Structure formats: C-alpha cells, structure tokens
Amino acid sequence: MRYYMKFSQYVFSFLMGYFIYSMIEIINRGYTHWTMSLTGGFILALLYSINSSGGMTLLKSCFTGAICITLAELIVGIFDNLIMHWNVWDYSRMPYNFMGQICPQFTCYWFLLCIPCLLYTSPSPRDKRQS
C-alpha cells in the first residue's frame with residue numbers, strides 16, 4: 001500500500017507539472033509544444049522526489065531546482081531544436097546563451113518558479129509523522 005501511495009504521488013506530481021507548465025507557456029507565449037508539457041511533468045516529479053525527504057532550505061531547494069530545470073531544458077532543447085529542428089524556442093539573442101538553448105536569465109526565472117513548486121513538493125507535517 002505504501003509503494004502504491006508513493007507511486008501515485010509521483011504520477012500526480014507529473015500530471016500537475018504537465019498541465020501547470022503548459023498553462024504557463026500558453027499564457028505567456030500563446031502556445032506550447034508537447035515536449036514542453038512532458039518536460040514540465042518530469043521536472044515537477046523530479047522536484048517532488050528531491051524535496052519530499054525534507055530538510056532542504058528554500059535557497060538550496062530553489063538552486064537545485066533551477067539547475068535541474070536548466071539541464072533538462074538543455075537536453076530537450078538539443079533534441080527538439082538542434083536535432084529535430086522543431087524550433088520550439090531560441091535563446092540565441094539572449095546574452096551569455098549556450099547553443100541558443102539555455103541562458104542565465106531563464107535559469108534565474110526557473111529559480112523563482114521553484115518557490116511555488118517547493119510549497120507543493122515539500123512534505124507536509126502529516127507526511128513527516130507517517131514516515
């Protein structure tokens with residue numbers, strides 16, 4: 001039963017990340033790409049995994065999340081934009097970009113986006129008692 005509950009929390013985290021990140025992109029850009037939806041789901045499930053053990057400060061959690069998101073963005077960007085030529089995004093005009101796929105400005109944005117993610121992915125006091 002415990003395994004099933006943990007698995008269902010990962011699935012729920014993935015689905016929340018999938019839909020919430022898709023909505024963020026649609027609100028800001030007017031559209032999204034299916035690979036970005038999957039990446040958003042993967043990232044929130046990953047952040048849940050990292051933060052569910054507890055004990056991380058807000059700063060450390062946001063920094064870890066920003067690095068994870070930036071690495072995922074690089075990997076997905078290389079596949080989507082450079083290999084498949086889907087042109088999902090292009091940071092080549094941003095200062096200090098790397099291959100047009102990642103840039104420090106968006107890493108800072110991901111850092112800030114991790115703040116509400118931390119609220120969702122941190123264990124509740126009830127979860128800590130049950131461990």
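Trainee: Let's start with one residue. Which residues does glutamate 25 touch, not counting residues up to four places away in sequence?
Mentor: Keep in mind that we're looking at a predicted model. Glutamate 25 sits in helix α1, which covers residues 2–29. Leaving out residues up to four places away in sequence, glutamate 25 touches Gly30, Tyr31, Thr32, His33 and Met36.

Trainee: And what is the nearest side chain of opposite charge to glutamate 25?
Mentor: Glutamate 25 is buried, yet it has no salt bridge. A salt bridge would need the charged atoms within 4 Å. The nearest side chain of opposite charge is 4.1 Å away, and it belongs to arginine 29.

Trainee: How confident is the prediction, and which helix has the lowest mean pLDDT?
Mentor: For the protein, the mean pLDDT is 91, and 92% of the residues reach 70 or more. Among the elements, helix α3 (residues 58–83) has the highest mean, 97. The lowest mean, 53, belongs to residues 125–130, helix α5.

Trainee: Which element gives the most residues to the largest nonpolar core?
Mentor: That core has 17 residues, and Met36, Trp89 and Trp110 have the most contacts inside it. Two or more residues come from each of α2 (34–51), α3 and α4 (104–121). With five residues, the top contributor is α3.

Trainee: What is methionine 36 in contact with, leaving aside its neighbours within four places in sequence?
Mentor: Methionine 36 is among the residues with the most contacts inside the largest core. We've also met it as one of the residues that glutamate 25 touches. Setting aside neighbours within four places in sequence, the contacts of methionine 36 are Tyr21, Glu25, Val76, Asp80, Val88 and Trp89.

Trainee: Is tryptophan 110 buried or exposed?
Mentor: Tryptophan 110 lies in helix α4. Leaving aside neighbours within four places in sequence, its contacts are Tyr21, Ala66, Ile69, Thr70, Glu73 and Tyr91. Its relative accessibility is 4%, so tryptophan 110 counts as buried.

Trainee: How far apart in space are threonine 107 and cysteine 62, C-alpha to C-alpha?
Mentor: Threonine 107 is in helix α4 too, and it is buried, with a relative accessible area of 19%. It touches Ala66 and Thr70, not counting residues up to four places away in sequence. Threonine 107 and cysteine 62 are 45 residues apart in sequence, while the C-alpha to C-alpha separation in space is 10 Å.

Trainee: Why is there no bond between the sulfur of cysteine 103 and the closest cysteine sulfur?
Mentor: A search of the whole structure turns up zero disulfides. Cysteine 68, for instance, is in none, and the nearest cysteine sulfur to it, in cysteine 114, is 8.2 Å away. Cysteine 103 is buried, with a relative accessible area of 3%.

Trainee: Now the loop between α3 and α4. Is tyrosine 96 buried or exposed?
Mentor: Tyrosine 96 lies in that loop, and its phi is near 60°, a positive value in a residue other than glycine. The cut-off for exposed is over 50% relative accessible area. Tyrosine 96 has a relative accessibility of 72%, so it counts as exposed.

Trainee: What is the relative accessibility of methionine 99?
Mentor: Methionine 99 is also in the loop between α3 and α4. Its phi is near 60°, again a positive value in a residue other than glycine. Methionine 99 counts as partly exposed because its relative accessibility is 42%.

Methods. Residues numbered from 1 in each chain as written. Predicted model: local features only at pLDDT ≥ 70, side-chain atom pairs only at ≥ 80, totals over all residues. Heavy atoms only, no water. pLDDT = per-residue confidence, 0-100. Helix = DSSP H or I, 4+ residues; strand = E, 2+ residues; numbered from the N terminus. Core = buried A, V, L, I, M, F, W, Y, C linked by side-chain atoms within 4.5 Å. Buried < 20%, exposed > 50% of the residue type's maximum accessible area, 1.4 Å probe, protein only. Contact = heavy atoms within 4.5 Å. Lys, Arg positive; Asp, Glu negative; His and termini not counted. Disulfide = S-S within 2.5 Å.
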